[in-house]
Amino acid sequence: MAKHDGFLHIERQSPAYRPVEERTRDFDPVQGMLSDEEIRQQANRCMDCGVPFCHMYGCPVGNRIPDYSDALYHDDWKGALELLQSTNNFPEITGRICPALCEAACTLAINGEASTCQHIELKIAEKGWEMGWIVPEVSTFKSGKQVMVIGSGPAGLAAAQQLARKGHKVVVLEKSDRIGGLLMYGIPNFKLEKSVIDRRIEQMKAEGVKFETEVEVGRDISPRYINNNYDAVLIASGTPLARDLNVPGREYRGIHLALEFLTQQTQLVLGDTIPEDQLIDPKGKHVVVIGGGDTGSDCVGSVIRRGCASVTQIELLPEPSQERLVSNPWPEWPAILRTSSSHHEGAKRLWSIGTKEFYGTDGRVVKVGCTRLAWEGGSFTEIKGADFLLDADLVLLSMGFVPYRDSPLVSGFGLETDERGNILVDEQYRTSKKGVFAAGDAVNGASLVVRAIARGRESAEAIDAFLQ
Ligand SMILES: Cc1cc2nc3c(=O)[nH]c(=O)nc-3n(C[C@H](O)[C@H](O)[C@H](O)COP(=O)(O)OP(=O)(O)OC[C@H]3O[C@@H](n4cnc5c(N)ncnc54)[C@H](O)[C@@H]3O)c2cc1C
Ligand code: SF4
């Protein structure tokens, strides 16, 4: 490192967001990029710690942050890219949408501003694409073994790419009409433009991975057929079951699961036509988003772009603290209040709110009956006389996901599940059925893209060892 005290002289700099009035008129990315020189300066803030917590504790894929920061500072972009690609198949994706666990664990964050690890990652990856350095890595060795990957989210994609590069024939089956899992039909275009995914898929196809869409294992093709025709199977099917809210009035029209809505938004952005009777249209409507997490925030940003009259996001839990609590020290992920770019675009947020009932007129929802809650020792009670109504012509339910215990994948392959209902695997990603492996959200429950990539890579290692 040229200057280990760079952080003393250089302030942390993050890329600017487009102005709210401009960005809410389209679904294009909300955030810009720093220049090459600016990012080299940022790389110089890294202290090259003896024990780099960013890499060893924070980053699930183990990105070699101090090493590539150093290479970047020395203007060795290609070297930095090689280091980055040695641990992460899709750094241009995590560089855009990862919550940056590495930055929370950065030593500089103990009492100051972390290194800009995530934007450094994105800039290196984009330089690689721009310069034509990211090319298909076709294996010259052919193992003659065939692997089926079920699900094309980040776990399935990372595993498929690793396995193809080891010389195995890989087929990815996807029930949806587009590849990418929640990267495609979950995360909105303004956070992750879909051309970024397509670019990688082209690379993977050139490496020999075969993709088949609109094929649902358990419905269109039987697990028995797959077992008989493939040497190994990886289930990377995610957590497809959203948590519902069964309170009186749930049957009214205008109440939808968040992913139904977000999927349509991406389809519209990509030029698909949705029949009018199926279109979830927020235009001119008062929208209530139930659930205070990231999926809810993505709904907020999307309904604002579609011209809603108002949007209120309500959450059962109390408002998190603005600062880390003593019980949540560095380098742990800080459980603090998070305000996304979408929240800055005009949402009202309410905390400690329970939903009791939906009210409707002519079969359509018009109001949500809510109550304020008092939290103590991890449980809540309703505050007497604190009921209130919210106007709601559209309600989006974004309360997380539940394990899919009765999935045809679980019964079809005859798999055991854990106590939560997720697919049970051992430390080698082996399910209870020989030759069938599982990874990603299907095993861990709803999590993060970077964890799915990490588990996809590790499961590919385990499958490769099994095939040998
Ligand atoms: C709205 C939303 C926004 C998010 N934003 C972020 C974010 O900004 N940053 C972040 O890090 N994480 C985010 N996440 C979480 C992240 O997207 C997931 O943790 C990650 O995608 C899980 O990857 P996966 O490969 O395990 O599963 P998925 O991405 O869920 O992919 C599973 C795929 O399997 C397919 N499938 C399922 N069953 C079958 C079957 N029987 N046959 C064939 N195909 C099947 C599904 O159609 C799907 O395409 C978000 C999640 C949501 C819902
Ligand atoms: S913890 Fe922070 S300062 Fe230390 S090596 Fe990692 S990014 Fe650099």
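Me: What classes of residue make up the shell around ligand 2?
Reply: The shell around ligand 2 has 9 nonpolar, 2 polar and 1 charged residues. Ala, Val, Leu, Ile, Met, Phe, Trp, Tyr, Cys and Pro count as nonpolar, Asp, Glu, Lys and Arg as charged, and the others, Gly among them, as polar.

Me: Which residues are they?
Reply: Around ligand 2 sit Cys46, Met47, Asp48, Cys49, Pro52, Cys54, Ile65, Pro66, Cys106, Thr107, Ser115 and Cys117. A residue is near a molecule if one of its heavy atoms lies within 4 Å of it.

Me: Where do the numbers come from?
Reply: This is a predicted model, where local features need pLDDT of at least 70 and side-chain atom pairs count only at pLDDT 80 or more, while totals for chains, interfaces and linings use all residues. Residues are numbered from 1 along each chain as its sequence is written, chains are lettered from A and ligands numbered from 1 in the order in which they are written, and side-chain values use heavy atoms, with hydrogens and water left out.

Me: Ok, ligand 1. Which residues come nearest?
Reply: Ile97, Glu174, Val217, Asp441 and Val449, out of 33 residues around ligand 1. By class that shell has 17 nonpolar, 10 polar and 6 charged residues.

Me: Which helices and strands supply at least two residues of that shell?
Reply: Helix 10 (154–165), strand 2 (169–174), helix 14 (294–305) and helix 17 (449–467) each do. Helices (H or I, at least four residues) and strands (E, at least two) are DSSP runs, numbered from the N terminus.

Me: What polar backbone atom is 2.8 Å from an oxygen atom of ligand 1?
Reply: One of Asp441. Another polar contact (N or O atoms within 3.5 Å) runs from an oxygen atom of ligand 1 to an N or O atom in the side chain of Lys191, at 3.1 Å.

Me: And how much of ligand 1 does the protein bury?
Reply: The protein buries 93% of the 1,000 Å² that ligand 1 exposes when taken alone. Those areas come from the Shrake-Rupley method with a 1.4 Å probe.

Me: New topic: how many aromatic pairs?
Reply: The count comes to 4, with rings of Phe, Tyr and Trp (its six-membered ring) pairing if their centres lie within 6.5 Å. One of them is Phe27 with Phe190, 6.0 Å centre to centre and 50 degrees between the planes. That pair is tilted; planes under 30 degrees apart count as stacked, over 60 as edge-to-face and the rest as tilted.

Me: What does the pair tie together?
Reply: Phe27 lies in the loop between helix 2 (20–23) and helix 3 (36–43) and Phe190 in the loop between strand 2 and helix 11 (195–206), so the pair ties together parts that are 163 residues apart in sequence.

Me: Is Phe190 buried or exposed?
Reply: Buried, at 1% relative accessibility. Buried means under 20% relative accessible area, exposed over 50%, partly exposed in between (1.4 Å probe, protein chains only).

How values were computed. Polar contact = N/O pair within 3.5 Å; in protein donor to acceptor, adjacent residues only side chain to side chain.
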